[in-house]
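Have the structure open beside you and follow along.

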Amino acid sequence: MTERMNNQTGRHWSRDEMVSHLYGLDAAEGLNASHLDSCESCHSGWLAVQQRRRESLSGMTVSGDLLRRQRKAIFARIDRPRRPSPLWGLAPAAVTALLLVGVSFQPPKPAVYTQTAAITASDRELFNELSELMREDTPRAAAPIRALFVEQMDGEAQ
Ligand SMILES: [Zn+2]
């Protein structure tokens with residue numbers, strides 16, 4: 001008997017679908033609201049969902065007076081925005097004073113040490129060595145490698 005009715009009024013409803021229906025959302029495809037009355041299992045579920053909603057709302061009694069006071073407080077707050085404390089007007093002056101104090105306590109800049117060029121004997125040796133290096137046609141690093149080869153009389157290396 002139940003199965004026959006199901007065929008007439010669509011498929012069974014899930015709990016989530018019942019809750020959505022309770023809050024006025026459109027039923028999903030293939031759902032029929034008349035099924036909630038005709039199907040025994042869905043009908044009991046539907047009653048349970050409705051009962052649960054009634055229970056959750058019963059504890060909430062919000063008086064109109066409370067709502068009126070809340071509304072008044074909100075409008076009052078909107079009409080007169082919070083003013084910043086008058087001390088905030090002094091903030092830029094305080095920051096400027098702190099900066100000035102910080103600058104005045106800066107240690108003096110150290111004297112720039114200037115080195116004058118003085119050519120010493122060791123410098124002369126260095127320059128001589130450098131000019132000698134620049135005159136050589138083969139780099140000095142090649143000397144150890146050259147020592148590995150024994151030059152023969154015909155000039156061919158082995
Ligand atoms: Zn059903």
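## Where α2 meets α4

R15, M18, V19 and L22 of helix α2 meet G45, W46, V49, Q50 and R53 of helix α4. Sorted by class, this contact has five nonpolar, two polar and two charged residues. The model you are looking at is predicted, so please read each value here as computed from it.

Helix α2 covers residues 15-22 and helix α4 covers residues 40-58. Their axes are 10 Å apart and the two helices pack at an angle of about 55 degrees. Because angles of 65 to 115 degrees are the ones that count as roughly perpendicular, and those under 35 as roughly parallel, α2 is oblique to α4. The crossing of α2 past α4 is right-handed.

## A closer look at E17

Helix α2 also holds E17. The cut-off for a buried residue is 20 or more.

Which residues does E17 touch beyond its neighbours within four places in sequence? They are A27, A28 and L31. For E17 and L31, 14 residues apart along the chain, the C-alpha atoms are separated by 9.0 Å.

## The nonpolar core

L31 turns up again in the largest nonpolar core, which has six residues. Its members are W13, L31, L36, C39, C42 and W46. W46 is also one of the α4 residues that meet α2.

In soluble globular proteins, nonpolar side chains tend to be buried together.

## The chain as a whole

Stepping back, the chain has eight helices and zero strands. Along the sequence, this reads as the pattern α-α-α-α-α-α-α-α.

Of the 158 residues in the chain, 4% are buried. Among contacts with a separation of 6 or more, 47% join residues 24 or more positions apart.

Definitions and conventions:
Residues are numbered from 1 along each chain as its sequence is written. This is a predicted model: local features need pLDDT of at least 70, side-chain atom pairs count only at pLDDT 80 or more; totals for chains, interfaces and linings use all residues. A nonpolar core is a set of buried Ala, Val, Leu, Ile, Met, Phe, Trp, Tyr and Cys residues joined through C-beta atoms within 7 Å. A residue is buried if 20 or more other C-beta atoms lie within 10 Å of its own, exposed if 12 or fewer, and partly exposed in between; C-beta atoms are placed from the backbone. Helices (H or I, at least four residues) and strands (E, at least two) are DSSP runs, numbered from the N terminus. Two residues are in contact if their C-beta atoms, placed from the backbone, lie within 7 Å. Axes are lines fitted to C-alpha atoms, for helices over the stretch in contact, and angles run from 0 to 180 degrees between N-to-C directions. Angles under 35 degrees count as roughly parallel, over 145 as roughly antiparallel, 65 to 115 as roughly perpendicular and the rest as oblique. A crossing is left-handed if the near helix is turned anticlockwise from the far one by less than a right angle, and right-handed if clockwise. Ala, Val, Leu, Ile, Met, Phe, Trp, Tyr, Cys and Pro count as nonpolar, Asp, Glu, Lys and Arg as charged, and the others, Gly among them, as polar.
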